[in-house]
Amino acid sequence: MSPSTPPAQAGRVTFEVTSGTRHVSVEVVATAAARAKGLMGREKLEAGDGMLFVFDRLEVQTFWMRNTLIPLDMIFIAGEPSGAEARVVGVVHEAAPHSTVIRSVPQASRFVVEVPGGWAATQGVVSGVSVRFGPPQ
């Protein structure tokens with residue numbers, strides 16, 4: 001990280017799946033520069049850790065995996081920053097590293113959580129799941 005790059009904020013995203021709650025400790029990225037870099041160059045991401053991308057408005061969000069070294073699940077969420085009525089609107093599973101294929105879901109979202117590839121399926125995170133945002137714990 002360069003001296004001019006502020007550290008990412010930390011947070012927690014909670015998914016209310018049918019079998020209970022699943023938590024992800026996240027780095028929060030809310031600027032265009034931080035979102036553009038995302039998880040590029042990271043060699044690993046532990047289960048239960050991720051990155052929360054916060055966008056200015058609700059719209060169809062797109063991602064690619066160029067310069068990303070690990071497979072990721074991308075969980076697209078619609079709702080407000082307060083978490084009121086936030087819901088998963090789609091999941092991209094196991095996005096392949098180094099790919100320039102555009103990854104997206106057809107529904108508009110305001111947030112995207114990237115987690116290790118395979119995490120969403122094993123934890124039961126699917127479209128319609130309720131989501132809460134909060135401080136790290």
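Which residues do ring pairs link into a cluster? Select Phe53, Phe55, Phe63 and Phe76: ring pairs join these into one cluster. Rings of Phe, Tyr and Trp (its six-membered ring) pair if their centres lie within 6.5 Å; planes under 30 degrees apart count as stacked, over 60 as edge-to-face and the rest as tilted.

Before going on, note that this is a predicted model, in which local features need pLDDT of at least 70 and side-chain atom pairs count only at pLDDT 80 or more, while totals for chains, interfaces and linings use all residues. Residues are numbered from 1 along each chain as its sequence is written, and side-chain values use heavy atoms, with hydrogens and water left out.

**Stop 1: the whole chain**

Show the protein chain as a cartoon. The secondary structure comes to 2 helices and 7 strands, and from the N terminus on the elements run β-β-α-β-β-β-β-α-β. Helices (H or I, at least four residues) and strands (E, at least two) are DSSP runs, numbered from the N terminus. The radius of gyration of the protein chain is 14 Å, close to the 14 Å that the globule rule gives for 137 residues, so the chain is as compact as a globular protein of that length. The radius is taken over C-alpha atoms, and the globule rule is 2.2 Å times the number of residues to the power 0.38. Along its principal axes, the C-alpha trace spans about 40 × 30 × 30 Å.

Of the 137 residues, 44% are buried. Buried means under 20% relative accessible area, exposed over 50%, and partly exposed in between (1.4 Å probe, protein chains only). Among contacts with a separation of 6 or more, 70% are between residues 24 or more positions apart; contact means heavy atoms within 4.5 Å.

Now colour by pLDDT, the predictor's confidence in each residue, from 0 to 100. The average for the protein chain is 92, and 93% of the residues score at least 70. Over residues 1-5 the pLDDT is below 50, and this stretch has 2 contacts in the model beyond near neighbours in sequence.

**Stop 2: aromatic pairs**

The structure holds 5 aromatic pairs. The ring centres of Phe53 and Phe63 are 5.0 Å apart and the planes stand at 85°, so the pair is edge-to-face. Phe53 lies in strand β3 and Phe63 in the loop between β3 and β4, so the pair ties together parts that are 10 residues apart in sequence. Both Phe53 and Phe63 are buried.

Next, select Phe111 and Phe133. This aromatic pair is tilted, with 4.6 Å centre to centre and 45° between the planes. Phe111 is in strand β6 and Phe133 in strand β7 (residues 130-134), so the pair ties together parts that are 22 residues apart in sequence. Phe111 counts as buried, at 3% relative accessibility.

**Stop 3: salt bridges**

Side chains of opposite charge can pair when their charged atoms come close. A salt bridge is a side-chain nitrogen of Lys or Arg within 4 Å of a carboxyl oxygen of Asp or Glu. How many salt bridges does a search of the whole structure find? The search finds 5.

Select Glu27 and Arg42, whose side chains meet in a salt bridge (2.8 Å, N to O). The pair links distant parts of the chain: Glu27 is in strand β2 (residues 20-29) and Arg42 in the loop between α1 (32-37) and β3, 15 residues apart. Glu27 is partly exposed at 26% relative accessible area, and Arg42 is partly exposed at 29%.

Then select Arg110 and Glu80, which form a salt bridge through their side chains (3.7 Å, N to O). Here too distant parts are linked: Arg110 is in strand β6 (residues 109-116) and Glu80 in the loop between β4 and β5 (87-95), 30 residues apart. Is Arg110 buried or exposed? Arg110 counts as buried, at 15% relative accessibility, whereas Glu80 is partly exposed at 46%.

**Stop 4: two loop residues**

Select Thr68, in the loop between β3 (49-59) and β4 (72-78). Thr68 is buried, with a relative accessible area of 4%. Not counting residues up to four places away in sequence, Thr68 touches Leu39, Met40, Gly41, Pro97 and His98.

Finish at Glu85, in the loop between β4 and β5. Glu85 is exposed, with a relative accessible area of 69%. Leaving aside neighbours within four places in sequence, Glu85 is in contact with Ala78 and Gly79.
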